[in-house]
Amino acid sequence: MDVSKPIELARISEIKILHNVRLIHKLDLNPIYSKDNLRVQFDISGEIRGGITCYLCLDGHELTQAERNYILPLFVESMNILIGRQITLDEELSHFKINLSSPKLSMIAKEINTSLRALTQKYDLELEEQIFNVLIEYNLQALN
């Protein structure tokens, strides 16, 4: 009989994506509420199953559609790199055979509140002179 247990990935303190794009881990001392966000979802299969949803919070930023179109691929690539690094650097997960799906994008905002969610990591995406909140929600389970 398979028994599943929840998994939380280790946090990476900082990762440089490009010369002008960085992700920095922040402690989530205050809940974050977002109504204006973009999201990308990854499905995990193999010996670990579940999904990872990443939100780029745009609340308080006045962005044109061209600026959103510029930020979106940088956000998706940042999340792809971060998740890949987290999985390969995590001592508990690195020995599992894991398949990461292609990213599924959504430009339709979803209301989120970190005070109501478990296993959410917060990062700041520093992009040139702007800083955006990034929330990453994990729903992973290992099958024993």
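Me: Is serine 78 buried or exposed?
Reply: Serine 78 counts as buried, because its relative accessibility is 0%. Buried means under 20% relative accessible area, exposed over 50%, and partly exposed in between, with a 1.4 Å probe and protein chains only.

Me: Before I go on, what are the ground rules here?
Reply: This is a predicted model: local features need pLDDT of at least 70, side-chain atom pairs count only at pLDDT 80 or more, and totals for chains, interfaces and linings use all residues. Residues are numbered from 1 along each chain as its sequence is written, and side-chain values use heavy atoms, with hydrogens and water left out.

Me: Fine. Where is serine 78 found?
Reply: In helix 1. Helices (H or I, at least four residues) and strands (E, at least two) are DSSP runs, numbered from the N terminus.

Me: Which backbone oxygen lies by the serine 78 side chain?
Reply: That of leucine 74, 2.7 Å from a polar atom of the serine 78 side chain. A polar contact is a pair of N or O atoms within 3.5 Å; within protein, one must be able to donate a hydrogen and the other to accept it, and residues adjacent in sequence count only if both atoms are side-chain atoms.

Me: How many residues does helix 1 have?
Reply: Helix 1 has 25 residues. From first C-alpha to last it reaches 36 Å, close to the 36 Å expected at 1.5 Å a residue. The expected span is 1.5 Å times one less than the number of residues.

Me: Which of its residues are buried?
Reply: Among the buried residues of helix 1 are Ile71, Leu72, Phe75, Met79, Leu82 and Ile83. Arg68 and Gln86 are buried too.

Me: Switching to the core. Which residues touch the most other members?
Reply: Cys54, Leu56, Met79 and Ile136, in a largest nonpolar core of 30 residues. Helix 1 gives the largest share, 9 residues. A nonpolar core is a set of buried Ala, Val, Leu, Ile, Met, Phe, Trp, Tyr and Cys residues joined through side-chain atoms within 4.5 Å.

Me: Which elements supply at least two residues each?
Reply: Strand 5, strand 6 (48–57), helix 1 (65–89), strand 10 (120–127) and strand 11 (130–143). Apart from this core lies another of 5 residues, among them Ile32, Tyr55, Cys57 and Leu135.

Me: Now charges. How many salt bridges does the count come to?
Reply: The count comes to 3 salt bridges. The rule is a side-chain nitrogen of Lys or Arg within 4 Å of a carboxyl oxygen of Asp or Glu.

Me: What does aspartate 36 pair with?
Reply: Arginine 68, with the closest N and O atoms 3.1 Å apart. Aspartate 36 sits in the loop between strand 4 (33–34) and strand 5, and arginine 68 in helix 1, 32 residues apart. Aspartate 36 is partly exposed at 24%, whereas arginine 68 is buried at 17%.

Me: And what is the partner of aspartate 43 in a salt bridge?
Reply: Lysine 104, at 2.2 Å, N to O. Aspartate 43 lies in strand 5 and lysine 104 in strand 8 (residues 104–106), so the pair ties together parts 61 residues apart in sequence. Aspartate 43 is partly exposed at 35%. Lysine 104 is also partly exposed, at 42%.

Me: What about lysine 122?
Reply: The side chain of lysine 122 meets that of aspartate 124 in a salt bridge, 3.1 Å from N to O. Lysine 122 is buried at 11%, and aspartate 124 is buried at 10%.

Me: What lies 3.0 Å from a polar atom of its side chain?
Reply: The backbone oxygen of isoleucine 108. Arginine 39 itself is in strand 5 (residues 37–46). Leaving aside neighbours within four places in sequence, its contacts (heavy atoms within 4.5 Å) include Thr53, Phe75, Lys104 and Ile108.

Me: Last one, the overall layout. How many helices and strands does the chain have?
Reply: The protein chain has 1 helix and 11 strands. The order from the N terminus is β-β-β-β-β-β-α-β-β-β-β-β. Buried residues make up 41% of the 144 residues.
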